[in-house]
Amino acid sequence: MKVAVLTGGVGGARFLRGIAEAVDPAAVTAIVNVGDDLEVLGLSVSPDLDSVLYALAEIADEERGWGRSDETWNALATVESLGAESWFRLGDRDLGLHVVRTRALREGAPLSAVTAKLAAALGVETTILPATDEQLRTWLDTTNGSFSFQEWFVARAHRDPVDRVRCEGATEARPAPGVLEALHEAELILIAPSNPLVSIGPILAVERIRSALERRRVPCVAVSPLIGGLAVKGPAAGMLQRLQGGTTAAHVASCYPGLIDALVMDEADAADADAVSSAGVRPIVTHTLMHDAAARRRLAEAALDAVALA
Ligand code: GDP
Ligand code: CA
(Lines give C-alpha, C1' and ligand atoms only; values in the text may rest on other atoms or scores of the structure.)
(Ligands and ions follow the chains in the order given, each with its own letter.)
Protein backbone atom coordinates (compact mmCIF):
# COMPACT_ATOMS: atom_id res chain seq x y z
CA MET A 1 0.00 0.00 0.00
CA LYS A 2 1.37 3.44 -0.97
CA VAL A 3 1.27 5.92 1.89
CA ALA A 4 2.11 9.63 2.07
CA VAL A 5 2.82 11.11 5.50
CA LEU A 6 2.93 14.82 6.36
CA THR A 7 5.35 15.25 9.24
CA GLY A 8 7.41 17.55 11.43
CA GLY A 9 10.45 16.48 13.43
CA VAL A 10 10.69 14.27 16.45
CA GLY A 11 7.05 13.24 17.15
CA GLY A 12 6.44 12.71 13.46
CA ALA A 13 9.69 10.82 12.95
CA ARG A 14 8.80 8.30 15.65
CA PHE A 15 5.44 7.67 14.02
CA LEU A 16 7.03 7.39 10.57
CA ARG A 17 9.32 4.69 11.87
CA GLY A 18 6.25 2.75 13.00
CA ILE A 19 4.69 3.19 9.54
CA ALA A 20 7.88 2.11 7.74
CA GLU A 21 7.97 -0.97 9.97
CA ALA A 22 4.31 -1.84 9.32
CA VAL A 23 4.31 -1.55 5.50
CA ASP A 24 6.98 -1.75 2.79
CA PRO A 25 9.24 1.22 3.70
CA ALA A 26 9.83 1.90 0.00
CA ALA A 27 6.07 2.50 -0.43
CA VAL A 28 6.13 5.35 2.08
CA THR A 29 6.79 9.01 1.23
CA ALA A 30 7.43 11.51 4.03
CA ILE A 31 6.55 15.12 3.18
CA VAL A 32 8.49 17.13 5.73
CA ASN A 33 8.22 20.61 7.23
CA VAL A 34 11.02 23.02 6.29
CA GLY A 35 9.65 26.09 8.09
CA ASP A 36 12.14 25.51 10.96
CA ASP A 37 15.17 25.47 8.66
CA LEU A 38 17.92 27.94 9.49
CA GLU A 39 21.48 28.94 8.91
CA VAL A 40 23.88 28.32 11.80
CA LEU A 41 27.54 29.37 11.54
CA GLY A 42 27.14 29.57 7.77
CA LEU A 43 25.67 26.05 7.54
CA SER A 44 22.24 25.12 6.21
CA VAL A 45 20.39 23.16 8.88
CA SER A 46 17.04 21.39 8.32
CA PRO A 47 16.02 20.14 11.78
CA ASP A 48 12.83 18.30 10.80
CA LEU A 49 14.30 16.63 7.70
CA ASP A 50 17.22 15.49 9.83
CA SER A 51 15.02 14.14 12.64
CA VAL A 52 13.17 12.07 10.04
CA LEU A 53 16.38 10.98 8.34
CA TYR A 54 18.08 9.97 11.61
CA ALA A 55 15.00 8.13 12.88
CA LEU A 56 14.54 6.13 9.68
CA ALA A 57 18.28 5.38 9.46
CA GLU A 58 18.05 4.20 13.08
CA ILE A 59 20.81 6.54 14.23
CA ALA A 60 18.64 8.99 16.21
CA ASP A 61 19.35 9.57 19.90
CA GLU A 62 16.18 8.24 21.53
CA GLU A 63 17.01 9.41 25.05
CA ARG A 64 17.91 13.00 24.26
CA GLY A 65 14.99 13.03 21.84
CA TRP A 66 16.83 14.87 19.03
CA GLY A 67 20.05 14.63 17.06
CA ARG A 68 22.25 11.59 16.52
CA SER A 69 23.19 8.78 18.87
CA ASP A 70 26.84 8.40 19.98
CA GLU A 71 27.17 12.14 19.50
CA THR A 72 30.14 14.20 20.72
CA TRP A 73 30.33 17.98 21.09
CA ASN A 74 33.93 18.96 20.44
CA ALA A 75 33.26 21.34 17.56
CA LEU A 76 30.59 23.18 19.58
CA ALA A 77 32.98 23.47 22.56
CA THR A 78 35.52 25.11 20.25
CA VAL A 79 32.88 27.45 18.82
CA GLU A 80 31.89 28.42 22.37
CA SER A 81 35.47 28.97 23.51
CA LEU A 82 36.00 31.26 20.53
CA GLY A 83 33.00 33.30 21.57
CA ALA A 84 31.00 32.51 18.40
CA GLU A 85 27.28 31.75 18.05
CA SER A 86 26.53 28.57 20.04
CA TRP A 87 22.87 28.80 21.11
CA PHE A 88 21.80 26.21 18.51
CA ARG A 89 23.31 22.93 19.59
CA LEU A 90 25.02 20.95 16.83
CA GLY A 91 26.95 17.76 17.61
CA ASP A 92 30.05 16.65 15.70
CA ARG A 93 28.34 13.88 13.73
CA ASP A 94 25.39 16.13 12.96
CA LEU A 95 27.76 18.90 11.79
CA GLY A 96 29.35 16.59 9.25
CA LEU A 97 25.99 16.20 7.54
CA HIS A 98 25.33 19.96 7.56
CA VAL A 99 28.69 20.60 5.93
CA VAL A 100 27.87 18.18 3.10
CA ARG A 101 24.36 19.59 2.62
CA THR A 102 25.56 23.19 2.66
CA ARG A 103 28.21 22.48 0.06
CA ALA A 104 25.70 20.76 -2.25
CA LEU A 105 23.16 23.58 -1.89
CA ARG A 106 25.87 26.18 -2.67
CA GLU A 107 26.72 24.24 -5.82
CA GLY A 108 23.09 24.69 -6.85
CA ALA A 109 21.50 21.35 -5.97
CA PRO A 110 17.88 21.64 -4.75
CA LEU A 111 17.17 20.59 -1.14
CA SER A 112 15.06 17.64 -2.35
CA ALA A 113 17.98 16.22 -4.39
CA VAL A 114 20.43 16.71 -1.52
CA THR A 115 18.01 15.01 0.89
CA ALA A 116 17.57 12.05 -1.49
CA LYS A 117 21.35 11.59 -1.65
CA LEU A 118 21.73 11.74 2.13
CA ALA A 119 18.90 9.23 2.60
CA ALA A 120 20.41 6.83 0.06
CA ALA A 121 23.84 7.12 1.71
CA LEU A 122 22.27 6.26 5.08
CA GLY A 123 20.41 3.27 3.59
CA VAL A 124 16.92 4.75 4.05
CA GLU A 125 14.37 3.21 1.67
CA THR A 126 11.52 5.57 2.50
CA THR A 127 11.31 8.63 0.26
CA ILE A 128 11.99 11.79 2.28
CA LEU A 129 10.86 15.01 0.59
CA PRO A 130 11.00 18.59 1.84
CA ALA A 131 7.56 20.17 1.39
CA THR A 132 9.25 22.67 -0.94
CA ASP A 133 12.70 23.39 -2.35
CA GLU A 134 12.02 27.10 -2.05
CA GLN A 135 12.59 29.35 0.94
CA LEU A 136 9.75 28.92 3.47
CA ARG A 137 10.36 30.27 6.97
CA THR A 138 8.10 30.13 9.99
CA TRP A 139 7.83 33.29 12.12
CA LEU A 140 5.99 33.68 15.39
CA ASP A 141 4.34 36.93 16.34
CA THR A 142 4.33 36.87 20.14
CA THR A 143 3.40 39.20 22.96
CA ASN A 144 7.13 40.06 23.15
CA GLY A 145 7.78 40.63 19.45
CA SER A 146 8.33 38.58 16.27
CA PHE A 147 10.87 35.77 16.21
CA SER A 148 12.06 33.22 13.69
CA PHE A 149 11.02 29.70 14.64
CA GLN A 150 14.30 28.50 16.15
CA GLU A 151 14.93 31.79 17.93
CA TRP A 152 11.54 31.43 19.64
CA PHE A 153 11.77 27.67 20.17
CA VAL A 154 15.40 27.19 21.18
CA ALA A 155 16.92 30.53 22.22
CA ARG A 156 13.76 31.77 24.02
CA ALA A 157 12.61 28.26 25.09
CA HIS A 158 9.14 28.84 23.49
CA ARG A 159 8.12 30.95 26.50
CA ASP A 160 6.58 33.89 24.61
CA PRO A 161 2.83 33.42 24.08
CA VAL A 162 2.13 33.17 20.34
CA ASP A 163 -0.55 35.36 18.76
CA ARG A 164 0.12 34.30 15.18
CA VAL A 165 2.14 31.84 13.12
CA ARG A 166 3.37 33.23 9.80
CA CYS A 167 4.84 31.04 7.08
CA GLU A 168 6.93 33.44 5.04
CA GLY A 169 7.24 32.45 1.40
CA ALA A 170 4.68 29.64 1.66
CA THR A 171 1.97 30.92 -0.67
CA GLU A 172 4.38 31.39 -3.56
CA ALA A 173 6.33 28.20 -2.79
CA ARG A 174 5.91 25.28 -5.18
CA PRO A 175 5.81 21.76 -3.77
CA ALA A 176 9.15 19.98 -4.16
CA PRO A 177 9.36 17.50 -7.07
CA GLY A 178 7.57 14.30 -6.09
CA VAL A 179 5.30 15.80 -3.42
CA LEU A 180 2.12 16.15 -5.52
CA GLU A 181 2.83 12.81 -7.24
CA ALA A 182 3.12 11.10 -3.84
CA LEU A 183 -0.18 12.65 -2.70
CA HIS A 184 -1.93 11.62 -5.93
CA GLU A 185 -0.59 8.07 -5.91
CA ALA A 186 -1.12 7.39 -2.20
CA GLU A 187 -3.85 5.00 -1.15
CA LEU A 188 -3.80 6.63 2.26
CA ILE A 189 -2.61 10.05 3.42
CA LEU A 190 -1.49 10.42 7.03
CA ILE A 191 -0.75 13.44 9.17
CA ALA A 192 1.78 12.49 11.87
CA PRO A 193 1.34 13.43 15.57
CA SER A 194 3.41 16.57 14.99
CA ASN A 195 2.60 20.07 16.19
CA PRO A 196 -0.41 21.02 13.98
CA LEU A 197 0.39 24.73 14.02
CA VAL A 198 4.17 24.92 13.57
CA SER A 199 5.09 21.54 12.05
CA ILE A 200 2.12 20.60 9.83
CA GLY A 201 0.79 24.18 9.34
CA PRO A 202 3.79 25.31 7.25
CA ILE A 203 3.40 22.26 4.94
CA LEU A 204 -0.31 23.01 4.45
CA ALA A 205 0.53 26.67 3.84
CA VAL A 206 1.99 25.61 0.46
CA GLU A 207 -1.15 26.19 -1.59
CA ARG A 208 -0.82 23.31 -4.01
CA ILE A 209 -0.23 20.85 -1.17
CA ARG A 210 -3.30 22.12 0.66
CA SER A 211 -5.47 21.93 -2.46
CA ALA A 212 -4.20 18.41 -3.24
CA LEU A 213 -5.41 17.39 0.22
CA GLU A 214 -8.73 19.19 -0.23
CA ARG A 215 -9.31 17.29 -3.49
CA ARG A 216 -8.08 13.91 -2.21
CA ARG A 217 -9.89 10.76 -3.35
CA VAL A 218 -8.43 8.61 -0.56
CA PRO A 219 -8.81 8.91 3.21
CA CYS A 220 -6.63 11.35 5.12
CA VAL A 221 -6.05 10.41 8.74
CA ALA A 222 -4.37 12.61 11.35
CA VAL A 223 -2.89 11.42 14.64
CA SER A 224 -3.29 13.78 17.59
CA PRO A 225 -0.07 14.93 19.30
CA LEU A 226 -2.02 15.65 22.50
CA ILE A 227 -2.72 13.09 25.23
CA GLY A 228 -5.18 14.10 27.91
CA GLY A 229 -5.13 17.60 26.42
CA LEU A 230 -1.36 17.87 26.99
CA ALA A 231 1.59 17.67 24.62
CA VAL A 232 3.96 14.76 25.14
CA LYS A 233 6.70 17.37 24.65
CA GLY A 234 6.88 20.94 23.42
CA PRO A 235 4.53 23.89 23.06
CA ALA A 236 1.58 22.31 21.18
CA ALA A 237 -0.96 22.48 24.04
CA GLY A 238 -0.26 26.10 24.97
CA MET A 239 -0.43 27.12 21.32
CA LEU A 240 -3.68 25.28 20.69
CA GLN A 241 -5.22 26.80 23.81
CA ARG A 242 -4.32 30.31 22.65
CA LEU A 243 -4.87 30.00 18.89
CA GLN A 244 -7.62 27.34 18.55
CA GLY A 245 -9.43 28.06 21.83
CA GLY A 246 -8.75 24.74 23.58
CA THR A 247 -6.83 21.47 23.74
CA THR A 248 -9.47 18.77 23.19
CA ALA A 249 -9.23 16.32 20.28
CA ALA A 250 -11.89 18.43 18.54
CA HIS A 251 -9.56 21.43 18.75
CA VAL A 252 -6.82 19.33 17.15
CA ALA A 253 -9.26 18.32 14.38
CA SER A 254 -10.15 21.99 13.88
CA CYS A 255 -6.54 22.63 12.73
CA TYR A 256 -7.32 20.50 9.65
CA PRO A 257 -10.69 21.82 8.37
CA GLY A 258 -11.95 19.80 5.39
CA LEU A 259 -8.59 18.03 5.23
CA ILE A 260 -9.06 14.90 7.36
CA ASP A 261 -11.55 12.03 7.44
CA ALA A 262 -10.45 10.51 10.74
CA LEU A 263 -8.48 11.46 13.84
CA VAL A 264 -6.53 8.90 15.83
CA MET A 265 -6.80 10.14 19.42
CA ASP A 266 -5.82 8.86 22.84
CA GLU A 267 -7.97 6.85 25.28
CA ALA A 268 -7.35 9.67 27.75
CA ASP A 269 -9.35 11.96 25.44
CA ALA A 270 -12.16 9.47 24.75
CA ALA A 271 -14.71 11.95 26.14
CA ASP A 272 -13.94 14.23 23.14
CA ALA A 273 -14.94 11.56 20.58
CA ASP A 274 -18.52 12.84 20.14
CA ALA A 275 -17.33 16.38 19.48
CA VAL A 276 -14.88 15.06 16.88
CA SER A 277 -17.72 13.11 15.19
CA SER A 278 -19.95 16.18 15.22
CA ALA A 279 -17.21 18.00 13.28
CA GLY A 280 -17.56 15.31 10.56
CA VAL A 281 -14.33 13.51 11.50
CA ARG A 282 -14.32 9.87 12.53
CA PRO A 283 -12.66 9.40 15.93
CA ILE A 284 -10.33 6.40 16.29
CA VAL A 285 -9.62 6.01 20.01
CA THR A 286 -6.52 4.07 21.03
CA HIS A 287 -3.27 4.34 23.01
CA THR A 288 -1.15 6.91 21.24
CA LEU A 289 1.99 7.18 23.42
CA MET A 290 4.93 5.71 21.45
CA HIS A 291 7.00 4.67 24.48
CA ASP A 292 8.65 1.74 22.67
CA ALA A 293 8.86 -0.03 19.31
CA ALA A 294 5.74 -2.11 19.95
CA ALA A 295 3.65 0.95 20.90
CA ARG A 296 4.91 2.83 17.85
CA ARG A 297 3.96 -0.09 15.64
CA ARG A 298 0.47 -0.41 17.18
CA LEU A 299 -0.21 3.29 16.65
CA ALA A 300 0.96 3.01 13.02
CA GLU A 301 -1.36 0.05 12.47
CA ALA A 302 -4.35 1.90 13.99
CA ALA A 303 -3.77 4.72 11.51
CA LEU A 304 -3.19 2.36 8.56
CA ASP A 305 -6.41 0.45 9.34
CA ALA A 306 -8.28 3.64 8.51
CA VAL A 307 -7.71 2.89 4.80
CA ALA A 308 -10.88 0.82 5.18
CA LEU A 309 -12.78 4.13 5.46
CA ALA A 310 -12.56 4.46 1.66
P1 GDP B 1 9.46 18.73 16.27
O2 GDP B 1 9.36 19.29 14.88
O3 GDP B 1 10.76 18.04 16.55
O4 GDP B 1 9.04 19.70 17.33
O5 GDP B 1 8.44 17.55 16.33
P6 GDP B 1 6.95 17.33 15.86
O7 GDP B 1 6.18 18.57 15.63
O8 GDP B 1 6.94 16.29 14.79
O9 GDP B 1 6.47 16.61 17.16
C10 GDP B 1 6.15 17.30 18.35
C11 GDP B 1 4.82 16.76 18.85
O12 GDP B 1 4.94 15.34 18.95
C13 GDP B 1 4.47 17.26 20.23
O14 GDP B 1 3.30 18.04 20.12
C15 GDP B 1 4.23 15.98 21.03
O16 GDP B 1 3.08 16.07 21.84
C17 GDP B 1 4.07 14.92 19.96
N18 GDP B 1 4.50 13.60 20.39
C19 GDP B 1 5.75 13.23 20.75
N20 GDP B 1 5.77 11.93 21.12
C21 GDP B 1 4.49 11.46 20.98
C22 GDP B 1 3.86 10.21 21.22
O23 GDP B 1 4.47 9.24 21.65
N24 GDP B 1 2.51 10.12 20.95
C25 GDP B 1 1.79 11.21 20.49
N26 GDP B 1 0.50 11.04 20.24
N27 GDP B 1 2.36 12.41 20.26
C28 GDP B 1 3.69 12.54 20.50
CA1 CA C 1 10.29 21.06 13.98
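Tutor: Cysteine 255 is buried, at a relative accessible area of 12%; buried means under 20% relative accessible area, exposed over 50%, and partly exposed in between, using a 1.4 Å probe and protein chains only. This is a predicted model, where local features need pLDDT of at least 70 and side-chain atom pairs count only at pLDDT 80 or more, while totals for chains, interfaces and linings use all residues. Residues are numbered from 1 along each chain as its sequence is written, chains are lettered from A and ligands numbered from 1 in the order in which they are written, and side-chain values use heavy atoms, leaving out hydrogens and water.

Cysteine 220, for instance, is in no disulfide, as the nearest cysteine sulfur, that of cysteine 255, is 13 Å away. Cysteine 220 is buried too, with 0% relative accessibility. As for cysteine 255, the closest cysteine sulfur belongs to cysteine 167 and is 13 Å away, so the two are too far apart for a bond.Buried residues turn up elsewhere as well: aspartate 36 counts as buried at 5% relative accessibility, and aspartate 48 is buried with a relative accessible area of 6%.

Methods:
A disulfide is a pair of cysteine sulfur atoms within 2.5 Å.
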